[in-house]
Amino acid sequence: MKTIVEKIIRLRNPDFTIDDALNSGAILQLIWIQLWSIIRGLKVIFFFKNPKGMLLGKRVSFFNPSKMKWGKFLRLGNDVYVSALSKQGIEFGNNISIGAFSRIIVSTSFNNIGEKIKIGNNVGIGEFAYLGGSGGLEIGDECIVGQYLSCHPENHNYEDLDISIRHQGVNRKGIKIGKNCWIGSKVTILDGVEIGDGCILAAGSVITKSFPNNSIIGGIPAKLLKTRTHDNQSNCTGNLLRSESL
């Protein structure tokens, strides 16, 4: 049974191997959970969409699914909400995993809808993420992200002292996160930021400006702590990050 389960999961994750210490009861429970996730994923057929192996947790909901695209094996945890109210929609690559209670919302305004959200292949994002896409949000391939990632590609205008801020409109630049980044838990990324490939963002950081490839970033506001090189591939940077997604 363990061999069969490994073969099935390797369709999504070729390197997956079940730990020898895992008992049969846990494996049976895993099969039961995944089976129901696949069955729930079939509900997108009612939107005239191909599930492509989609796995859905309980109470996952969509708004404007006609503007959504996804690749193979999209997995959304319990209570995830996806709203594609936007100009360009939401695009998920292959093998994407979004943790429970996350919100993927391009925009909430019906009089000034947002741009897009695009997530590359083989990306894992932990629970309680909030991904906005008003000004556009792109996350590159192979990124791993801890819990509570928060992305806000939009700012309110506030220059006029005689008008309420909420009536002054917004400005949008967008957020881009490169490939192969490791983002720790509780990281916040603000509008206009571009993160290069191979970067590490320390847990709890607030990113207010852009950083080049292979930067190790931390703090509020975030600063460059170190640059990854072939000389420091194994060092203490793991202490900066408290968790990562699967």
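Is Arg-172 buried, exposed or partly exposed? Select Arg-172: at 26% relative accessibility it counts as partly exposed, where buried means under 20% relative accessible area, exposed over 50%, and partly exposed in between (1.4 Å probe, protein chains only).

The model is predicted, so local features need pLDDT of at least 70 and side-chain atom pairs count only at pLDDT 80 or more, whereas totals for chains, interfaces and linings use all residues. Residues are numbered from 1 along each chain as its sequence is written, and side-chain values use heavy atoms, with hydrogens and water left out.

Strands (E, at least two residues) and helices (H or I, at least four) are DSSP runs numbered from the N terminus. Glu-154 is partly exposed, at 27% relative accessibility.

**Strand β9 and its two bridges**

The whole structure holds four salt bridges. Select Lys-87 and Glu-115 next, whose side chains meet in a salt bridge at 3.3 Å, N to O. Because Lys-87 lies in strand β6 (residues 86-92) and Glu-115 in strand β9 (residues 114-119), the pair ties together parts that are 28 residues apart in sequence. Lys-87 is partly exposed at 46% relative accessible area, and Glu-115 is partly exposed at 22%.

Move on to Lys-116, which forms a salt bridge with Glu-138, the closest N and O atoms being 3.0 Å apart. Lys-116 lies in strand β9 and Glu-138 in strand β12 (residues 137-139), so parts 22 residues apart in sequence are tied together. Glu-138 is partly exposed, with a relative accessible area of 26%.

**Residues 26-48**

Finally, select residues 26-48, listed by UniProt as "transmembrane region" in an unreviewed entry; such annotations may be inferred rather than shown by experiment. Over this range the chain is 70% helix and 0% strand, with the end C-alpha atoms 35 Å apart.

Highlight Trp-32, Ile-33, Leu-35, Trp-36 and Ile-39, which form a nonpolar patch on the surface with about 500 Å² of accessible area together. Patches are made of residues with over 30% relative accessible area and no salt bridge, like charges being joined within 9 Å and nonpolar side chains (Val, Leu, Ile, Met, Phe, Trp, Tyr) within 5 Å; accessible areas come from the Shrake-Rupley method with a 1.4 Å probe. Trp-36 lies in helix α2 (residues 24-41) and is partly exposed, at 37% relative accessibility.
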